Amino acid sequence: MFDYGGDPATTGPRHLRVRGGTALSGSIDVKTSKNAGVALLCASLLNRGPTLLRRVARIEEVNRILRVLDSMGVEHEWLGPEGDLRIQPPERLDLSRIDADAARRTRSIIMFLGPLLHDYTEFDLPFAGGCELGDRTVEPHLTALRRFGLSIERSHGCYCATVKENIEPPGAIVLTERGDTVTANAIMAAARFPAVTVIRNASCNYQVQDLCWFLEKLGVHIDGIGTTTLEVYGRDEIDTPVDYAPAEDPIEAWSLVSAAIVTESEITVCRTPIEFVEIELALAEEMGLAYSRGPEYLAANGRTRLVDLTVHPSPLRAAADKIHPMPFPGLNIDNLPFFALIASCAEGGTMIHDWVYENRAIYLTELNRLGAQVRLLDPHRLQVEGPVRWSGADVVCPPALRPAVVLLLAMLRAQGVSELRHVDVIHRGYEQLAERLQRLGAEIDPF
């Protein structure tokens, strides 16, 4: 194993050698949500008491947030083999010693703004980083948080924050972007504001729902969970032990479904959060996908509906219309890249419209190195022709998580030997993905 400087549990091989063309079989469990996990780590700063999070994915994105928390004086401890994580904030955070390197490597650091504005009238936060997907403005965050007294100036790679005291209750706020992290920031700001705050145009995606249910266990009553209008009944202080289990990750679930599709394999993806992949399944079914699903059961949070989903080898046809993402309950933005892979296995031409990010679509043209026919029409649109003859190739991972995983899955289909280099970005969001695919029969060797 190659150690690139993180927690030993989140490190992994630097390169992968893949012998493709082998059908996979068996069953695989979906891990808990990356995005919910990091949101809950940020939300733990609202609580003076200890927070216990169950089955947290031991991935590099989580590790980076933990490094930032550690640098501020927060104690954390991994408990047992299942990935349970205990967090205990100090009486007062030391914001002068924040780990700027770790902070700049994650987009999630922006979700510290909502919790920190309650206890600190001035603080600096390093600019948010993460995948290279194009410029993403933080203005929607600042517009929402300004109602809670926060103002920001940018200087020397930092957001320099000041917070007004004794402001009027925000009452109702309208988010200018229905983003997941924007909504999370607004919720966390409202959670400790001792009044009722109405948040309109809120995201109702999976990580936002997990955040709301977590806060309810902390005594913050929230009406409208799962809708675009939330009423948050904030508390001035939160000091209580909490034990919470985030739900399974719908993006990982769809990644595993895509692995079955591209390798023409029968695989059972267990613990699939069905509510958050139903659009993807419906679209794939229109393209010819055959699958079966078991009875529903609840995740450990007692709320999220899970099923065991079995994918069957299926001849595919191109989508009748362009494929594009939308805020939940639409097709998930993070699941869109996998449809470039699926469309490459289908008969005919499919347009993929990635309207959210300026730079992500171009990374999917790397599939052409493996034999795909992906044509970039403009920064947001791809034309994908299929089916294609996949062949092995050496490819360097793009600096974006989902396109990197798409390339790995394509290599499972490609005849011959492929090498995927510098796979650190995959460790950001997936726990031991290569090892788990090996248990399904994939021929993947780390080096």
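The legends below describe close-up views of a predicted model.

Residues are numbered from 1 along each chain as its sequence is written, and side-chain values use heavy atoms, with hydrogens and water left out. Because the model is predicted, local features need pLDDT of at least 70 and side-chain atom pairs count only at pLDDT 80 or more, whereas totals for chains, interfaces and linings use all residues.

**View 1. The aromatic pair of Phe148 and Phe193.** A search of the whole structure finds six aromatic pairs. Rings of Phe, Tyr and Trp (its six-membered ring) pair if their centres lie within 6.5 Å; planes under 30 degrees apart count as stacked, over 60 as edge-to-face and the rest as tilted. Here the ring centres of Phe148 and Phe193 are 5.8 Å apart and the planes stand at 75°, so the pair is edge-to-face. Phe148 belongs to the loop between α5 (139–145) and β7 (150–155), and Phe193 to the loop between α6 (180–191) and β10 (196–200), so the pair ties together parts that are 45 residues apart in sequence. Helices (H or I, at least four residues) and strands (E, at least two) are DSSP runs, numbered from the N terminus. Phe148 is buried at 3% relative accessibility, and Phe193 is buried at 14%. Buried means under 20% relative accessible area, exposed over 50%, and partly exposed in between (1.4 Å probe, protein chains only).

**View 2. The aromatic pair of Tyr206 and Phe276.** This pair is edge-to-face, with 5.9 Å from centre to centre and 65° between the planes. Tyr206 is in helix α7 (residues 206–217), while Phe276 is in the loop between β14 (266–273) and α9 (278–286), so parts that are 70 residues apart in sequence are tied together. Tyr206 is buried at 4% relative accessibility, and Phe276 is buried with a relative accessible area of 7%. Ring pairs link Tyr206, Phe276 and Phe328 into a cluster.

**View 3. The second largest cavity and its lining.** Rolling a probe the size of a water molecule over the atoms shows where empty space is left. On a 1 Å grid over the protein atoms alone, a cavity is a set of points where a 1.4 Å probe fits but cannot get out, and lining residues have an atom within 4 Å of a point. The lining residues divide into five nonpolar, one polar and two charged; Ala, Val, Leu, Ile, Met, Phe, Trp, Tyr, Cys and Pro count as nonpolar, Asp, Glu, Lys and Arg as charged, and the others, Gly among them, as polar.

**View 4. Strand β14 and its partners β2 and β17.** Six of the eight residues of β14 are buried, so this strand is largely enclosed by the rest of the structure. Two strands pair if DSSP finds at least two bridges between them. Strand β2 (residues 25–29) runs parallel to β14 and is joined to β14 by five bridges, with Ile28 opposite Val269. Strand β17 (residues 305–312) pairs with β14 in the antiparallel sense over five bridges, and Leu309 in β17 stands opposite Val269.

**View 5. Strand β23 and its partners β1 and β22.** Strand β1 (residues 15–19) and strand β23 (residues 417–421) are antiparallel and pair over five bridges. Arg19 stands opposite Val417 in β23. Strands β22 and β23 run parallel and are joined by three bridges, and Glu419 in β23 is the bridge partner of Asp394.

**View 6. Two cis peptide bonds.** The peptide bond from Phe328 to Pro329 is cis, with omega near 15°. Pro329 lies in the loop between β18 (316–317) and α10 (336–344). The peptide bond from Gly386 to Pro387 is also cis, with omega near -5°, and Pro387 is found in the loop between β21 (381–386) and β22 (394–396).

Conventions: On a 1 Å grid over the protein atoms alone, a cavity is a set of points where a 1.4 Å probe fits but cannot get out, and a pocket is an open set with protein on both sides within 12 Å along at least five of seven lines; lining residues have an atom within 4 Å of a point.
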